Amino acid sequence: AYVLLALLSGPTLPGFGLNYSAGIVHWLTKKQNAYGGFSSTQDTVVALQALAKYSASTYNPEGSITVTVTSPSGQNSQFTVNQNNRLLYQEKQLQEATGTYKLKAEGKGCVFVQ
């Protein structure tokens with residue numbers, strides 16, 4: 001989280017742009033627990049600050065994304081994130097408790113799926 005904050009706060013370094021930061025975000029979000037926090041209060045504060053800074057850096061007012069979640073049995077659920085609902089928390093109960101779910105995002109922008 002500290003590295004991500006440093007990359008997004010300082011001058012742009014060659015080879016360390018938003019694509020590089022996306023890898024850090026991917027790793028960092030894997031460490032997040034089911035309640036949105038991390039291993040300690042300090043970790044949670046720093047990580048959420050870094051993720052918020054990344055969100056601000058990738059924000060695009062023109063963006064609209066449709067995320068399709070496919071259950072192991074093939075049932076689809078769709079979520080649309082656009083300018084009107086971008087701050088709205090969207091959730092749907094899993095159809096099946098176990099198995100591999102597939103995600104597909106189409107459009108332009110950045111979304112966080114958990």
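Here is a short walk through the structure, one selection at a time.

Before you click, know that this is a predicted model, where local features need pLDDT of at least 70, side-chain atom pairs count only at pLDDT 80 or more, and totals for chains, interfaces and linings use all residues. Residues are numbered from 1 along each chain as its sequence is written, and side-chain values use heavy atoms, with hydrogens and water left out.

**Start with the whole chain.** Show it as a cartoon and you'll find three helices and three strands, in the order α-α-α-β-β-β from the N terminus. (Helices are DSSP runs of H or I with at least four residues, strands are runs of E with at least two, and numbering goes from the N terminus.) The C-alpha atoms fill a box of roughly 45 × 35 × 25 Å along the principal axes. Of the 114 residues, 25% are buried; that means under 20% relative accessible area, with exposed being over 50% and partly exposed in between, using a 1.4 Å probe and protein chains only.

**Next, select helix H2, residues 18-30.** Its 13 residues reach 18 Å from first C-alpha to last, close to the 18 Å expected at 1.5 Å a residue (the expected span is 1.5 Å times one less than the number of residues). Now colour Ser21, Ile24, Val25, Leu28 and Thr29, the buried residues of H2. Look down the axis: they fall within an arc of 130°, so they line one face of the helix. That arc is taken from the directions from the helix axis to the C-beta atoms.

**Then pick Leu13, Phe16 and Tyr20.** Together they form a nonpolar surface patch with about 280 Å² of accessible area. (Patches use residues with over 30% relative accessible area and no salt bridge; nonpolar side chains are joined within 5 Å, like charges within 9 Å. Areas come from the Shrake-Rupley method with a 1.4 Å probe.) Leu13 sits in the loop between H1 (2-9) and H2.

Zoom in on the rings of Phe16 and Tyr20. They make an edge-to-face aromatic pair, 4.7 Å centre to centre with 80° between the planes. (Ring centres must lie within 6.5 Å; planes under 30 degrees apart are stacked, over 60 edge-to-face, and the rest tilted.)

**Last stop: Lys104 and Glu106.** They form a salt bridge, with the closest N and O atoms 3.7 Å apart; the rule asks for a side-chain nitrogen of Lys or Arg within 4 Å of a carboxyl oxygen of Asp or Glu. Lys104 is partly exposed at 48%, and Glu106 is partly exposed at 46%.

Methods
Phe/Tyr/Trp six-rings, centres within 6.5 Å; stacked < 30°, edge-to-face > 60°.
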